[in-house]
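User: I'd like to go through the labels on this model one by one. Can you tell me what stands behind each of them?

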Amino acid sequence: MKKVAIVGAGQSRYGDFPDKGIKELFFEAYKDMKASVDKGLDPKAIESAYIGNLGSGGFQLGNMSALVTEYCGLTHINTMRIENACASGGYALVAAVMDVMSGTHKAVLAGGVEKMTDVSGVKQKYWLGVSGDTEYERLAGTTFSGLYALIAQRHMHDFGTKREHLSMVAVKNHKNGAQNPKAQFQREITLEQAIKGPIVASPLNLFDCCSTTDGASAVLVCDAEIAKQYTDTPVYVAGFGTASDFLAIHDRPDTTTLEGTRRAGEMAYKMSGLTPKDIQLAEVHDCFTIAELLAYEDLGFCEKGKAGPFIEQGHTQIGGDKPVNASGGLKSKGHPIGSTGTGMAYEMFNQLRGSVQKPTRQIKGAEIGLIHNVGGSGGTVAVTIMRR
Amino acid sequence: MYWRTIPQRYKMIGQKCKKCGAINFPPKGVCKYCQTSSEFEEIQLSGRGKVHTFVLISAGGAPPEFAEQEKAGGQYPVAIVQLEEGPKVIGQIADVDPKEVKIDMPVKAELRKIYTEEEVIRYGFKFVPG
């Protein structure tokens with residue numbers, strides 16, 4: 001099988017952009033990707049494109065990948081929309097990697113886009129709360145804040161995880177996001193603010209939850225044999241893993257483990273010949289603060305049940321031995337559903353090449369990084385390990 | 001979509017796997033425990049169990065069809081309940097001060113109004129203390 005490299009990556013600003021639709025947002029990310037290719041990119045080289053998208057509120061459910069790629073001038077190529085809820089982008093990247101590995105295409109675009117602020121708040125909730133086991137979880141009166149709160153409550157009960165531990169995730173990620181010019185919320189918050197946020201789904205408050213976001217991202221994946229045509233400093237795909245789980249949390253034997261993450265991580269470690277210890281930095285799926293703590297455990301960064309003390313000891317902040325979400329994460333950078341996975345790849349590409357926009361959040365000398373993208377409350381998970 | 005799950009919502013009918021004997025609820029095509037058998041016998045669950053974990057849904061956390069309920073009470077509890085026959089299932093807890101809900105609290109299922117949509121009242125099980 002072919003070795004795979006990433007030679008370009010771009011991202012739109014994340015935020016609330018009433019004047020831009022999915023085409024314009026995706027084009028912004030595409031142009032940014034194109035500009036990042038050191039030795040230039042002839043768009044005719046792109047043979048195939050996989051676009052992550054949950055549905056953008058339902059207004060372009062059919063043929064959206066052809067729509068956004070033809071807008072960029074990529075007419076007539078192989079393209080498809082990839083939908084696995086919030087993990088759509090992570091799976092779009094994996095689909096592009098498998099396309100290149102198989103030898104079918106040499107240069108493939110992986111991207112994602114979501115437009116979440118075009119519909120009313122009520123419609124948005126109808127649209128968003130349907131990626132769990134809808135017949136049971138939704139019809140018991142929960143959306144995703146409620147589902148992650150069920151996990152958080154049990155994690156606190158079983159392992160003594162504290163309210164403060166959840167808030168430390170929010171504080172850290174806002175601190176990082178304040179240094180990211182493309183983040184939705186470029187401001188720091190205090191631990192006290194984070195602890196005292198208005199309750200959304202107890203034990204989770206407003207500062208435990210990510211926002212709704214417009215945004216897009218795109219990365220160029222290619223056969224490693226031709227990577228040097230594009231740049232002298234490609235980033236290589238060392239391994240990837242994807243796994244699914246029972247959609248309903250009540251069906252899972254262990255409420256506080258995302259088995260999809262555990263298995264996807266295991267597969268990525270095995271394929272790359274690496275272990276959790278080798279990972280120098282990570283972008284993980286912090287849609288809710290508890291989700292980042294679960295990721296530490298399920299990806300093997302710390303022991304099961306020890307995520308609270310792990311963040312408290314500072315391991316995962318910039319300057320720690322395992323920085324997590326230097327971009328600001330979903331919490332502060334924003335979570336435009338379909339774009340989130342390839343947005344993580346954009347961040348990791350720049351971190352590993354030392355080209356992060358603001359040097360204050362550059363992890364110096366990092367060679368190996370992991371990105372982790374979760375669909376729903378863990379129904380689908382994609383993990384990719386990248387190395388310089 | 002709601003009416004398809006009426007045997008579960010009104011009567012809590014579970015599936016006992018003829019191969020491994022474990023009880024699936026809500027139903028599956030293939031037993032979620034042994035993952036080999038599709039042969040089940042229907043069994044009536046008691047509706048009794050204890051709270052495995054719970055959440056108190058406040059403003060912002062409620063789906064639009066439950067927003068009215070949230071406004072009326074300020075918050076409402078939703079739990080995953082471990083049923084005495086083995087399976088866990090999600091459901092609301094009624095007739096309780098939300099502050100009193102605790103993990104391991106004993107509960108039993110009752111038929112209640114769940115929500116109203118397009119002027120049709122949907123009924124199903126909720127849990128109450130006891």
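**Labels and their cut-offs**

Analyst: Let's start with a helix pair: α6 (residues 163-177) of chain A packs against α9 (residues 289-298) of chain A at an angle of about 95°, the axes being 8 Å apart. Axes here are lines fitted to C-alpha atoms, for helices over the stretch in contact, and angles run from 0 to 180 degrees between N-to-C directions. The model is predicted: local features need pLDDT of at least 70, side-chain atom pairs count only at pLDDT 80 or more, and totals for chains, interfaces and linings use all residues. Residues are numbered from 1 along each chain as its sequence is written, while chains are lettered from A and ligands numbered from 1 in the order in which they are written.

User: Why is α6(A) called roughly perpendicular to α9(A)?

Analyst: Angles of 65 to 115 degrees count as roughly perpendicular (under 35 is roughly parallel, over 145 roughly antiparallel, the rest oblique). The angle is about 95°, so α6(A) is roughly perpendicular to α9(A).

User: Which residues of α6(A) and α9(A) meet?

Analyst: From α6(A), H165(A), L166(A), V169(A) and A170(A) meet T289(A), I290(A), E292(A) and L293(A) of α9(A). Contact means C-beta atoms, placed from the backbone, within 7 Å.

User: What makes L128(A) partly exposed?

Analyst: L128(A) has 19, so it's partly exposed. L128(A) sits in helix α4 of chain A. S56(A) is 72 residues away from L128(A) in sequence, but 9.7 Å away in space, C-alpha to C-alpha.

User: What makes β5(A) and β4(B) a strand pair?

Analyst: Pairing takes at least two bridges found by DSSP between two strands. Here 2 bridges join β5(A) to β4 (residues 48-57) of chain B, so they pair, and the strands run antiparallel. A201(A) stands opposite I57(B) in β4(B).

Note on methods
Helices (H or I, at least four residues) and strands (E, at least two) are DSSP runs, numbered from the N terminus. Two residues are in contact if their C-beta atoms, placed from the backbone, lie within 7 Å. A residue is buried if 20 or more other C-beta atoms lie within 10 Å of its own, exposed if 12 or fewer, and partly exposed in between; C-beta atoms are placed from the backbone.
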